[in-house]
Amino acid sequence: MQLNNAKFSANGQCGYILKPEILCDENYMFEPHSTEPYPGVSRKQLLMRIISGQQLPKPPQSILGERGEIIDPYVEVEIVGVPIDCARRQTQTINDNGFNPVWDETMVFTLNLPELALVRFMVWDEDPIGRDFIGQKTLPFTSLVPGYRHIHLEGLDQASLFVHVSINSLTDKPSHKGLKKKSHSKPTLTRQMTIDTPERVVRKSSFINRLKRRSSMPNMLSGGRKPRTPL
């Protein structure tokens, strides 16, 4: 029911959700158990930074009962979708702090079919004998908005998680920007400028003669041999 409610929360529990485009294409052979990226689907990278928690209550089903012990919370983030996207990460445990525990840990997930992925946040209390469930919140990946967000645990009034969401697009195609600009040279204009006309030949020869005269002046001043007159 947690996953079902999360899936239909994107449209206000109306009961109808459009399928991804690849599932609507009759010519597309969709393999749900594929271990390779799906062609034609833009992959996404989810960076989930679990910063802190606020007013996490003691679980009612605690093993120690109503002794009023302070919880030792940790957060577990799970991706539910096609098998290639399913993954689970968890933070470290913060001892004796259910009021404002601080984790500040980042988790990275790769989603090959983002439209079918659900993100579930679960908060647990680590006990010496096991663990106790505190609360959870499940959201569709398409409903996540990048930035700093408060995730309110379902069924709890004040309990929440403070997180930062980053979403990047993964592409395997190399970028060719900038290469086209470098290829915009003008070799034809350069060749046309070097064509020797009769006027340019005369100017070129006179210019070369002047350069040779200037290069021979140091030798003449130092008593060296006078250079030959250029033909």
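Q: Before we get going, what counts as buried here, and what counts as exposed?
A: Buried means under 20% relative accessible area, and exposed means over 50%, with partly exposed in between. Keep in mind that this is a predicted model.

Q: Good. So where does Thr91 fall, buried or exposed?
A: Thr91 is buried, because its relative accessibility is 4%, and the cut-off for buried is under 20%.

Q: Where is Thr91 in the fold?
A: In a loop, the one between strand E3 (87-90) and E4.

Q: And what does Thr91 touch?
A: Not counting residues up to four places away in sequence, Thr91 touches Ile50, Tyr74, Val75, Trp103, Glu105 and Met107. With Trp103 there's also a side-chain polar contact, at 3.4 Å.

Q: Let's zoom out. How many helices and strands does the chain have?
A: Five helices and eight strands. Reading from the N terminus, the order is α-α-β-β-β-β-β-β-β-β-α-α-α.

Q: How do the strands pair up, say around E4?
A: E4 is in an open sheet of four strands, ordered E4-E1-E8-E7, and the pairing is antiparallel. The edge strands there are E4 and strand E7 (147-152), each pairing on one side only. On average, neighbouring strands in that sheet are turned by 25° against each other, ignoring direction.

Q: How many bridges hold E1 and E4 together?
A: Eight, in the antiparallel sense. As for residues facing each other, Leu47 stands opposite Val108 in E4.

Q: What about E3, which strands go with that one?
A: E3 belongs to an open sheet of four strands too, in the order E3-E2-E5-E6, with antiparallel pairing. E3 and E6 each have a single partner strand, so one side of each has no neighbour in the sheet. The twist there averages 20° from one strand to the next.

Q: How many bridges join E2 to E3?
A: Four, and the two strands run antiparallel. Glu78, for instance, has Arg88 in E3 as its bridge partner.

Q: OK, on to the inside. How many residues are in the largest nonpolar core?
A: That core has 27 residues, and the ones with the most contacts inside it are Leu46, Ile50, Phe121 and Leu161. The elements giving it two or more residues are strand E1 (43-54), strand E2 (73-80), strand E4 (102-111), strand E5 (118-126), strand E6 (131-140) and E8. E4 supplies the largest share, four residues.

Q: Why would nonpolar side chains end up together like that?
A: In soluble globular proteins, nonpolar side chains tend to be buried together.

Q: Which residues does Leu46 contact?
A: Setting aside neighbours within four places in sequence, Leu46 contacts Ile79, Met107, Val108, Phe109, Val119, Phe141, Leu144, Val165, Ser166 and Ile167.

Q: Which residue makes a polar contact with the Ser160 side chain?
A: The side chain of Gln54 does, at 2.9 Å. Beyond its neighbours within four places in sequence, Ser160 is in contact with Gly53, Gln54, Leu56, His150, Ile151, His152 and Leu153.

Q: And Ile84, where does that sit?
A: In the loop between E2 and E3. Ile84 has a relative accessible area of 25%, so it counts as partly exposed.

Q: What's around Ile84?
A: Leaving out residues up to four places away in sequence, Ile84 touches Ser34, Thr35, Glu36, Pro37, Tyr38 and Asn112. Between Ile84 and Thr110 the C-alpha to C-alpha distance is 9.1 Å, with 26 residues separating them in sequence.

Q: Last one, whole chain: how much is buried, and how much surface is there?
A: Of the 231 residues in the protein chain, 30% are buried. The accessible surface comes to about 16,000 Å², and carbon and sulfur atoms account for 55% of that. As for contacts between residues at least 6 apart in sequence, 62% join residues at least 24 apart.

Terms used
Residues are numbered from 1 along each chain as its sequence is written. This is a predicted model: local features need pLDDT of at least 70, side-chain atom pairs count only at pLDDT 80 or more; totals for chains, interfaces and linings use all residues. Side-chain values use heavy atoms; hydrogens and water are left out. A polar contact is a pair of N or O atoms within 3.5 Å; within protein, one must be able to donate a hydrogen and the other to accept it, and residues adjacent in sequence count only if both atoms are side-chain atoms. Contact means heavy atoms within 4.5 Å. A nonpolar core is a set of buried Ala, Val, Leu, Ile, Met, Phe, Trp, Tyr and Cys residues joined through side-chain atoms within 4.5 Å. Buried means under 20% relative accessible area, exposed over 50%, partly exposed in between (1.4 Å probe, protein chains only). Accessible areas come from the Shrake-Rupley method with a 1.4 Å probe; for residues, only the protein chains shown count as cover. Two strands pair if DSSP finds at least two bridges between them. Axes are lines fitted to C-alpha atoms, for helices over the stretch in contact, and angles run from 0 to 180 degrees between N-to-C directions.
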